[in-house]
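Let's walk through this model together, starting from the overall fold and working towards single residues. Keep the 3D view open as you read.

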Amino acid sequence: MLTHPVVAPPAPPPLPLFPFVGERLWLDFVNTDAARHRGRSDALLSFEAFVRWLQSAGTLDAERCAVMRRRALQQPAGATAALLDASRVRGALRQLAEKGPRQDAVRDSALAEINRILGRSAGTRRVERRRDGTFARSFVPVGDAFGGLLIPIVESAADALVLGELTRVRRCAAEDCALVFFDGTRNGRRRWCDMATCGNRFKAARFRTRARQAAEN
Ligand SMILES: [Zn+2]
């Protein structure tokens, strides 16, 4: 997978609350449609929100975020189009996460979206040295100012297909939670997006039910 170098910004602005529980970039991106979740932000509500999410996901460093913000001011129509495109890709990837393992048609249309993005992007692949001395692959788009933003995300989804990971993609077992994640546990029995939230709520509910049953008996 190609990733952009992660360089710690000196003073990062406060970021909105985005969940990073997917263990895969593409699943974290899918989870940004979760405006309907408790206190979460939709990362595609505005171009600025999208840039912030890309930064918190580590695919854009502070410098490139600043470049994107400037370009969005210069080309507002382009930024809006990029946002719509991101939303379209996210929809296809949500379908892939939830139905991909069982439905050929869903896999095919996600594949078409992935290839549409990969095929459209022109740029330079590079290896860059991070400030801490480690190395990272990066992709520097040319031409379309916003064309490269979705590349790391669709690369991550492509990896999931290539590596056969779809059968390990799950939706949180909580009924009111639509977060998806990669189950990397050895026994393949991860049920919750997050033990601290959904897992705990379930345990508390089960405890209450048992306490009630005990009181009735
Ligand atoms: Zn959950």
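The paragraphs below go from the overall layout to the core, then to one helix residue and a hairpin.

A word on conventions comes before the tour. This is a predicted model, in which local features need pLDDT of at least 70 and side-chain atom pairs count only at pLDDT 80 or more, while totals for chains, interfaces and linings use all residues. Residues are numbered from 1 along each chain as its sequence is written.

The protein chain holds seven helices and four strands; helices (H or I, at least four residues) and strands (E, at least two) are DSSP runs, numbered from the N terminus. Along the sequence, their order is α-α-α-α-α-β-β-α-β-β-α. Of the 217 residues of the protein chain, 31% count as buried, where buried means 20 or more other C-beta atoms within 10 Å of a residue's own, exposed means 12 or fewer, and partly exposed is in between, with C-beta atoms placed from the backbone.

Now look inside. The largest nonpolar core has 44 residues, and W26, L27, L93, L150, V154 and A157 have the most contacts inside it. Such a core is a set of buried Ala, Val, Leu, Ile, Met, Phe, Trp, Tyr and Cys residues joined through C-beta atoms within 7 Å. Among the elements that give two or more residues to this core are α1 (25-30), α4 (76-99), α6 (151-162) and β4 (180-182). The largest share, eight residues, comes from α4.

Helix α4 has 24 residues and reaches 35 Å from its first C-alpha to its last, close to the 34 Å expected, a span taken as 1.5 Å times one less than the number of residues. Its buried residues include A82, A86, V89, L93 and A97. V89 is also a contact of V154, as are I114, I117 and L118, leaving aside neighbours of V154 within four places in sequence; here, contact means C-beta atoms, placed from the backbone, within 7 Å.

For another view, turn to E48 in helix α2. E48 counts as partly exposed because it has 14 C-beta neighbours inside 10 Å.

Finally, visit the hairpin. None of the seven residues of strand β1 (residues 123-129) is buried, so this strand lies largely in the open. β1 pairs with strand β2 (residues 135-141) in the antiparallel sense over seven bridges; strands pair if DSSP finds at least two bridges between them. R125 has F139 in β2 as its bridge partner. Five residues sit between the strands, and in this hairpin G133 takes a positive phi near 95 degrees.

Note on methods:
Two residues are in contact if their C-beta atoms, placed from the backbone, lie within 7 Å.
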